[in-house]
Amino acid sequence: MAIHRCCVSFFLVSLLVPFVCAEIQFTKIRRDDRPIIPFDEFGFTHTGHLELNVSGIQLSSPNPNIDMSKVGFILCTRDAWMEVLLQLEDGYIDCPLNSDFIKLVLELKSLNGESSFNTVFQETNADQYTLVFANCLDRVKVSMDVRSAMYNLDGKEKRRDYLSAGKTILPKVYFLLALVYFILAGIWVYVLYIKRLTVFRIHFFMMAVVFLKAFNLLCEAEDMSYIKRTGSAHGWDVLFYIFSFLKGVMLFTLIVLIGTGWSFLKPYLQDKEKKVLMTVIPLQVIANVAQVVIDETGPFGHDWIVWKQVFLLVDVICCCAVLFPIVWSIKNLREAAKTDGKAAVNLMKLTLFRQYYIVVICYIYFTRVVVYALETITSYRYVWTSVVAGEIATLVFYLFTGYKFRPEPHNPYFVLDDEEEEAAVDQMKLEDQFEL
């Protein structure tokens, strides 16, 4: 049964892929024959409201006696949707609109032939709900313009809060984190100044990454703050996407450069290391484009799941690619420790890169797997905890990288002897000749 299969798909997506944070959404549906069209997911308190404005409703069926009770909008929780699936499978119902486990917002039957409606639905049962359009008519396409706004009334003044119950604290969290990163950036600038005689180019690159992270968090704080108050980002989302793109590209590039030992182990990149960079940077561009599409279209888009899968795949490839240069450096240092007579220095460098390799793996695993698991299993009221966990892990990773690779005059990791410098010059000359 098509309706049953679509309901199963929607349930799996709702479990595996968190929806975008709700705000005022404007959606255009054009000749869509999907039985289930999910819109936003939102965590309501006992003062939850849904404003739904729909216009230009058109059905492709010419039959004037069509059963409009099988088309409408509903609210449902994930647990309720599981019960709806069981009812459909057992044949107890033939349409989600007939289930006792959903909250019926409006059936098109009640419009009496009108092509538009405005309604305000109040939800006093605190829970996380998804706004869904159900079309149980066989081979009937629907076109309409939908404006949806979900919010909670906050405090005694009953101000509208357009952020989900579990995300309403995030503007403050992001602002505090941005402040922390600006302080860290200031400390790093001071360190580079007092240690300027032993500063490498990689240290300025690290400074740029910290500043970009700080600006990214600041823009995200302002973005969510405006959404919380007004339901719209007022352009801050554009700045957020720009800094998020720059931060993502720079961070992965930094990990690759540190992993290769560029600027402090050797002032050049080998061909295979350049290929890694040329792979990671375009993939990060694709990942950021996918993220923008995911955030801006929402789950109602036909290709939303495809873009989500593209983003996850590209992210996994990038995370795997940045590990190769670190493995190559570990291998080279291990061989050098056995052959060149400078075993003590190379052993210390080898220990550092082993530590960095482990930390990078832990960082990737925690931010991609553990944080996602927390977001999935945590109650909707505490979704912010997964964000805090991910940001703390990122902060620890930045602190570890900055501390271990800080500029120090007696740091053995930054010692380049005459032989290494001559080898670097010879390598660069060979590469220049090869290019010519």
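The model described here is a predicted one.

**Annotated spans**

- An unreviewed UniProt entry lists residues 173–193, 200–218, 238–264, 276–294, 306–328, 356–374 and 380–400 under "transmembrane region".
- Over residues 173–193, one of the spans listed in that entry, the chain is 100% helix and 0% strand, with 31 Å between the end C-alpha atoms.

**Packing of α3 with α10**

- Helix α3 (residues 170–194) packs with helix α10 (residues 384–404) at an angle of about 5°, and their axes are 11 Å apart.
- Because angles under 35 degrees count as roughly parallel, α3 is described as roughly parallel to α10.
- On the α3 side the contact is made by L170, V173, Y174, L177, V180, Y181, L184 and W188, while α10 contributes W384, V387, V388, E391, T394, L395, Y398, L399 and G402.
- By residue class, the contact of α3 with α10 comprises 14 nonpolar residues, two polar residues and one charged residue.

**Cavities**

- Two cavities of 30 Å³ or more are found in the structure, and the second largest cavity holds about 30 Å³ of space.
- The lining of the second largest cavity is formed by F252, I255, C319, V322, Y363, I364 and R368, of which six are nonpolar, none is polar and one is charged.
- Both α5 (236–260) and α9 (343–377) supply at least two residues of that lining, and α9 gives the most, with three residues.

Notes
Residues are numbered from 1 along each chain as its sequence is written. This is a predicted model: local features need pLDDT of at least 70, side-chain atom pairs count only at pLDDT 80 or more; totals for chains, interfaces and linings use all residues. Side-chain values use heavy atoms; hydrogens and water are left out. On a 1 Å grid over the protein atoms alone, a cavity is a set of points where a 1.4 Å probe fits but cannot get out, and a pocket is an open set with protein on both sides within 12 Å along at least five of seven lines; lining residues have an atom within 4 Å of a point. Grid points are joined across faces, edges and corners, and a volume is the space filled by probe spheres set on the points. Helices (H or I, at least four residues) and strands (E, at least two) are DSSP runs, numbered from the N terminus. Ala, Val, Leu, Ile, Met, Phe, Trp, Tyr, Cys and Pro count as nonpolar, Asp, Glu, Lys and Arg as charged, and the others, Gly among them, as polar. UniProt positions are given in the numbering used here, feature names are shortened, and annotations may be inferred rather than shown by experiment. Axes are lines fitted to C-alpha atoms, for helices over the stretch in contact, and angles run from 0 to 180 degrees between N-to-C directions. Angles under 35 degrees count as roughly parallel, over 145 as roughly antiparallel, 65 to 115 as roughly perpendicular and the rest as oblique. Contact means heavy atoms within 4.5 Å.
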